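This briefing sets out selected structural features of the protein shown below. The points are grouped by topic for reading alongside the model.

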Amino acid sequence: MIDVQGLAKRFVQGRGRRARTVDAVQGLSFRATEGCITGLLGPNGAGKTTTLRMIATLIKPDAGRITVDGIDVADAPREALARMGVLSDARGLYPRLTARENILYYGRLHGLGDDQAQQRAEQLAETLEMRHLLDRRTEGFSQGERMKTALARALVHDPSHIILDEPTNGLDVIATRSLREALRRLRDDQRKCIVFSTHIMQEVERLCDQVVVVSHGRTVAEGTVNELLERTGLTDFEACFVQLAFEPAERAGAGAGVAE
């Protein structure tokens, strides 16, 4: 389980007199459990990527606590990372290497022996339906092929938790469907805990067991798609999201204007 409580992160943009602080994440909380796909849903700039980077130990939070299976990410980052497979928005592959070689290289970085890494590459090729890609150079791969290779690379050490930052960006319909099926297999067959960020309603409706709506760096709603629809009294999930993510902020802004 990934447990995020009271997470906060502030950045300083610009220099000198033009410098200003930006509260990217402000007290964000949620839990993601095994055998469940949890979606962080929010508009661009809501704090989704910053949150995932803090979970993946790439950025230190200013406040709050993150645990992975009870392991505090701040106190034991290496131990926590060993339980996570992270697919960031930057899916850089080594273009001169084949898909297999990219996967094996990351396997060795995670301490796998050659035989074990080879075995994992074969297993992942089966799970992700990419056997035909294994011995091709990644240079010239399509976006979907690059995504599968990068995902296999992230999963080579068989982590129990999978973190994906907007994984369908740039993918066509077929590649998106293929990714959805792969994630379902990882959830159903291997009971993985999967967390991914998105701003695409259809992805959430078709894939997520649990939805965390994020707006202005905060958790504004949490539940299943049906629970969120029931909460708002709406039948269209896009309208439901707009009401949950934007209307509270608009009311707060209006109130602030009156107070001034």
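The model is a predicted one, and the values given here are computed from it.

*The second largest pocket*

- Two elements, β2 (20–32) and α1 (48–55), each contribute at least two residues to the lining of the second largest pocket.
- The largest share of that lining comes from β2, which provides four residues.
- Sorted by class, the residues lining the second largest pocket are five nonpolar, nine polar and five charged.

*The largest cavity*

- One cavity of 30 Å³ or more is found when the whole structure is searched.
- The volume of the largest cavity is about 70 Å³.
- The lining of the largest cavity consists of Thr-49, Leu-52, Arg-53, Ala-56, Leu-58, Val-86, Leu-87, Ser-88, Ile-163, Leu-164 and Asp-165.
- Two or more of these lining residues come from each of α1, β6 (84–87) and β7 (161–165).
- Seven nonpolar, two polar and two charged residues make up the lining of the largest cavity.

*Helix α1*

- Helix α1 supplies at least two residues to the lining of the second largest pocket, and α1 also gives two or more residues to the lining of the largest cavity.
- Six of the eight residues of α1 are buried, and the helix is thus described as mostly covered.
- The buried residues of α1 are Lys-48, Thr-50, Thr-51, Leu-52, Met-54 and Ile-55.
- Thr-57 follows α1 and has a positive phi, near 70 degrees.

**Strands and sheet**

- Four strands form an open sheet in the order β2-β1-β4-β5, and their pairing is antiparallel.
- The edges of this sheet are β2 and β5 (71–72); each has a single partner strand, so one side of each lacks a neighbour in the sheet.
- Within the sheet, β1 (residues 2–13) and β4 (residues 63–68) are joined by five bridges in the antiparallel sense.
- Val-4 has Ile-66 of β4 as its bridge partner.
- Strands β9 and β10 form a hairpin with two residues between them, and His-216 in the turn has a positive phi of about 55 degrees.
- Ser-215 stands opposite Arg-218 of β10.

**Aromatic pairs**

- The structure has three aromatic pairs.
- Tyr-105 and Tyr-106 form an edge-to-face pair, because their ring planes stand at 75 degrees, with the ring centres 5.9 Å apart.
- Both tyrosines of this pair are partly exposed: the relative accessible area is 35% for Tyr-105 and 25% for Tyr-106.
- Phe-241 and Phe-246 also pair edge-to-face, at 5.9 Å from centre to centre and with 85 degrees between the planes.
- In this phenylalanine pair, Phe-241 counts as buried at 7% relative accessibility, whereas Phe-246 is partly exposed with a relative accessible area of 31%.
- One aromatic cluster is made up of Tyr-94, Tyr-105 and Tyr-106.

**Cysteines**

- The structure contains zero disulfides.
- Cys-208 takes part in no disulfide, and the nearest cysteine sulfur, that of Cys-36, lies 8.3 Å away.
- Because its relative accessibility is 10%, Cys-208 counts as buried.
- Cys-240 is likewise in no disulfide; the nearest cysteine sulfur to it belongs to Cys-208 and is 13 Å away.
- With a relative accessibility of 0%, Cys-240 counts as buried.
- A disulfide is a covalent bond that links the sulfur atoms of two cysteines.

Key: Residues are numbered from 1 along each chain as its sequence is written. This is a predicted model: local features need pLDDT of at least 70, side-chain atom pairs count only at pLDDT 80 or more; totals for chains, interfaces and linings use all residues. Side-chain values use heavy atoms; hydrogens and water are left out. A disulfide is a pair of cysteine sulfur atoms within 2.5 Å. Buried means under 20% relative accessible area, exposed over 50%, partly exposed in between (1.4 Å probe, protein chains only). Two strands pair if DSSP finds at least two bridges between them. Ala, Val, Leu, Ile, Met, Phe, Trp, Tyr, Cys and Pro count as nonpolar, Asp, Glu, Lys and Arg as charged, and the others, Gly among them, as polar. Rings of Phe, Tyr and Trp (its six-membered ring) pair if their centres lie within 6.5 Å; planes under 30 degrees apart count as stacked, over 60 as edge-to-face and the rest as tilted. On a 1 Å grid over the protein atoms alone, a cavity is a set of points where a 1.4 Å probe fits but cannot get out, and a pocket is an open set with protein on both sides within 12 Å along at least five of seven lines; lining residues have an atom within 4 Å of a point. Grid points are joined across faces, edges and corners, and a volume is the space filled by probe spheres set on the points.
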